[in-house]
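The points are grouped by topic.

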Amino acid sequence: MMAHELTTADGVPLRISLERALLRSRIRAALLVVPLMAFLLFAFILPIFDMLYRSVENTIVAQVLPETVIALQDWDETGDALPDEAVFKTAVADIQAAFKAKTLGRLARRLNYEKPGMASLLRKSGRRSLRITEAPWSEQLIKIDRKWGDINIWRLIKRESDHLTESYFLAAVDMRLDDLGAVNWQPENRQIYLQLFWKTVWMSGLITILCLLLGYPVAFLLATLPLRTSNLLMVLVLLPFWTSLLVRTTSWIALLQTEGVLNDLMVVVGLISDDGRLQMIHNKIGTFVAMTHILLPFMILPLYSVMKTIPPSYMRAARSLGATPFTAFVRVYLPNTVSGIGAGSILVFILSIGYYITPALVGGRTGTFISNFIASHVSETLNWGLAAALGVILLALVLALYLLYDRIVGIDNMKLG
Amino acid sequence: MPDAQEALVAFEGVQKTYDGRQLVVRDLNLDIARGEFLTMLGPSGSGKTTCLMMLAGFETPTHGRILLNGTELNRVPPHRRGIGMVFQNYALFPHMTVQENLAFPLEVRGMSRAEIETKVARALDMVRLPEFGGRRPAQLSGGQQQRVAVARALVFEPDLVLMDEPLGALDKNLREEMQYEIKHIHESLGVTVVYVTHDQSEALTMSNRIAVFDDGVIQQLATPDVLYEKPENAFVAQFIGENNRLIARVTEMDGSFCTVELEDGQKVRALSVNVAGAGEITTLSLRPERVVIGPGQDFADNRISGRVEELIYLGDHIRARLTVAGNDSFIVKVANAHDHVRLSQGSEVPLGWASEDCRALDAGVGNAAPA
Amino acid sequence: MRLLFGSSALAMGVVLGAGTALAVDLTVVSWGGAYTASQQKAYHDPYMAANPDVKIINDDSAAEGLAKLRAQVESGNVTWDLVDMVASDAITACDEGLIEEIDPDSMLAAAPDGTPASQDFFAGTLTPGGTNCFIPQIVYSTTFGYRTDAFEGEQPSTIADVFDLEKFPGRRALEKKPIGNLEWALIADGVPGEQVYEVLNTEEGVDRAFAKLDTIKESVVWWTKGAQPPQLLADGEVVIASAYNGRLFSAIAEKNQPIAMLWDWQVFDLDGWVIPKGTPNKDAVLEYLMFATDTQRLADQAKFISYGPARYSSGPLVGNHADLGIDMKPHMPTNEANAKTILNFDYVWWADHRAELDERFNAWLAK
């Protein structure tokens, strides 16, 4: 194809020589980012995969009751006959072994998520099972607790013997598998997560809008005021960052509570009567106010950094071309800040969707978010599978939103500062 | 070309201060005729841009009136003044295409779609960019953006167009090309242009009249040739074109002339333009091309000597720097003609000029009379 | 990632520990604030004075104790030596195999009169929920406080009064959990205390509890952190609040707030020590526990905070508050006058039903 290739002075083809030179600089560049990549891998990417896995992981049943799980394979769970004597025999042996190995507690907790009462059943059966040494196995086990004669217990064990389970995800969307393994809604008085997801999303959306409405004029002032004044204003904007989150949140409580400063003031002024004090905290209003305040800087800063790059001559040009201040703003200034609006909004929305300390303190009964429940499943109930499933759904929500944003605005247009 | 037409724009006793202590513009009185190309020229901080911004409506005068077509503008907001404006960095809207940029002033005036299309197309033709309507400003070169900015300021057919250092961001060649282009557009449309620049050659090239600003005051308002040849004060003489400055003391007034004594005691005659009287300090202004080296020429009735410090060969002429009467940056241009004088560095040479070409002006800043 | 942080701290501990062969650092996790301070004064300081080679380092992350403990044990990087936990968390941790089992009579000091530890700790407290990994330290109670200036004449004195908005109008503060609230609701509705769990065990019983809670739902502020209810009372935001008795004591006795105790059907709970499985200093920890859970030490802690020691033999030794000088006995939840009606958590029942009722409770709240 090539008649004669260009070579360097020592006869190496020019192309190869160039690649070599480039490779070296590429390797050097790559080495510079290795620490960051390693950090991200261990601190961010691996935990996410760990979370994804935990949301479906279910090895515990097969681990603790290994023989029972195998023996149950031949049992027809759709019929209405209990497993046969052989299954009971292996089950007793498995329970005895698990009791000695102290793994029964974990199994008890796992199965209790699916069926309340399993925890006490298994814990009770652990020590007492040691007494069973010979047939009849089923009769003696059922004597320990009548529940062993309930066919649904055995259906549950068989259903959950797979290494992967969908039950965490089902629980995360208010569904469950019934005794026969069919997907069903949770009883209505236990349905909580779907409405929480929805509440988290719409409240975060409203918080984002509030931040935008309040932050836009501030960012505009920051970008247009003389340097000295705008520096002072910037300090005021950043001030919340220098105060602990808890302090800021509790200050809002002091301000907004019914016996708080704002209500006192309104009573003194005569706006409301002493009996008609307004409930502004420990409900949605509290969450809106405190969250908007806390997240406002995250809206202002990207907006400011974008506005700073818009020359004042744009507005002047628009005015001189005959546009009223309003038209000039809507048609010229606003479109040029879209990248800042997008960046600020997506930042505030994503932060808001994952916030839990503030809603926990000021949200009361109605103003709490899905993250509060994730936190509680992580640290209180230790139901990490459900926490992971809720987390995965939240992550998927954020990613979907991000893609939507990319489709509409274009991620390249995002300016974070 | 300050012809007898009625003034389109009139500044009447306009003053402007930003901080309440210092006047940026002091007592500005200026009439701009319909169809005129008037340049406000001056160093930065001289008040010229402030004047332009007051005219556009982005600054309000602290005192005085500005009239457009006989109507007082002070309370008219910018968007109702109907004045086109070209900004320093073009201020093209980056999120709109060229077409949309041009259509913007027409849309806000509520014109019909068809009308807008015609006018936009015509404006693009005028600036020779008919192919570029669909592009974004960022996809154009600096010169093209400049032309779009001019087209946008003109597309709604204003009576008056303001240009605020519109060519400042362009390189030298492009700048010159654009100077001619703007001048031609001005001539063909007959629109009135108020142009702000700190580049005196730009001002000389394009303007009908130039207002030279310094320290918030118009130092001289005149046509380019008058401004160059007959500066009325030391600032204008120094600011416009190349100038030799000699400090001297007036010894005798003599009708329209005066006799002055240079720092080294030599005496010369000069045209008395702006001197207070005998005994006062004056600045003599003398264009380099009006000085001759060597004896001869009858018109050169002033003769003194100077020492050659430096010679720079520039092809068509030789630029000679001399020390004359204590001024060591006295420039003389020697035409590279058939029989020009051969100079050598360090030599004393005789110089001469006509008294009419040497203008005795005010003392200038920092040249107070010696005690 | 939390799992990874442990190793370097561990390595550092090893390096530091290598200096003097016997010196050992014990990382003790507790609740911080006044509670850790009481442990420092009653247990840590005297122990370190007697054992100069032991250094006790406080870690205040008990609030996330269970989750962090699980992360440490799962990753094999156990850096904690001793963790302070409430009993229900200890049951979970023991079920999960995260903590060591305890043999009380060989590991814990006997009472001064020779009663073995298994007999001297309050009955059943060493084996909550049938587990055996927990060493109780204190009995604390969740009970009620009310503002003394809120009501004219008769003051609230029973659990039924808490639910009676007509007689005692004003907002209440309750913990944002079903535990405790459901039991109180049933008692207020007339169920005898000893039958509470029997009733709760039926669907109708749970419905009945929620129906009773419904009657005050609109007047309840729900708290999540122990510090909140005393503050809500002090601010006048609520007139009656459920709270940990120690928090109320500090608001009443130390901060002189116009608050009084309402001990009716206080809910007893336990707080105590657990030993993380895999701690490298197990021997040192056991040595420390032998000292820190003896009769005198538990009684000493009550000088600094108003929680009742979990040993029968400690009760008579409880003295005066270290700073205020007041007799602490009347402020102990275990004091006879206060403990006329008490409710003991049925940990087993709650282990079975917690997940289900948490969901139902939250769904109920959101309605």
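**A covered helix in chain C**

Helix α3 (residues 65-75) of chain C is mostly covered, with nine of its eleven residues buried. The coordinates come from a predicted model.

*Helix α3 of chain C*

- The buried residues of α3(C) are Gly65(C), Leu66(C), Ala67(C), Lys68(C), Leu69(C), Arg70(C), Ala71(C), Gln72(C) and Val73(C).
- An α-helix has 3.6 residues a turn, so residues three or four places apart point the same way.
- Gly76(C) follows α3(C) and has a positive phi, near 75°.

*Contacts between chains*

- Two pairs of chains touch, and the pair with the most contacts is A and C.
- That contact takes 35 residues from chain A and 32 residues from chain C.
- On the side of chain A that touches chain C, at least two residues each come from α1 (14-54), α5 (104-114), α6 (118-129) and α19 (370-379) of chain A.
- Helix α5(A) gives the largest share of that side, six residues.
- Sorted by class, the side of chain A that touches chain C holds twelve nonpolar, 16 polar and seven charged residues.
- Chain B and chain C are joined by no contact, and their closest C-alpha atoms lie 43 Å apart.

*The six-stranded sheet of chain B*

- An open sheet of six strands in chain B has the order β6-β7-β8-β3-β9-β10, with mixed pairing.
- Its edge strands are β6 (83-86) and β10 (217-222) of chain B, each of which pairs on one side only.
- From one strand to the next, the twist averages 20°.
- Within this order β8 stands beside β3; strand β3 (residues 37-41) of chain B and strand β8 (residues 192-197) of chain B run parallel and are joined by five bridges.
- Thr39(B) has Tyr195(B) of β8(B) opposite.

*Strand β11 of chain B and its partners*

- Strand β11 (residues 244-254) of chain B pairs in the antiparallel sense with strand β14 (residues 281-286) of chain B, over six bridges.
- In this pairing, Thr283(B) in β14(B) is the residue opposite Ile247(B).
- β11(B) also pairs in the antiparallel sense with strand β12 (residues 257-262) of chain B, again over six bridges.
- Glu252(B) has Thr259(B) in β12(B) as its bridge partner.
- β11(B) and β12(B) form a hairpin with two residues between them, and Gly255(B) in the turn has a positive phi of about 65°.

Note on methods: Residues numbered from 1 in each chain as written. Chains lettered and ligands numbered in written order. Predicted model: local features only at pLDDT ≥ 70, side-chain atom pairs only at ≥ 80, totals over all residues. Pairing = 2+ DSSP bridges. Helix = DSSP H or I, 4+ residues; strand = E, 2+ residues; numbered from the N terminus. Axes fitted to C-alpha atoms, helices over the stretch in contact; angles between N-to-C directions. Contact = placed C-beta atoms within 7 Å. Nonpolar A, V, L, I, M, F, W, Y, C, P; charged D, E, K, R; others polar. Buried ≥ 20, exposed ≤ 12 C-beta atoms within 10 Å, placed from the backbone.
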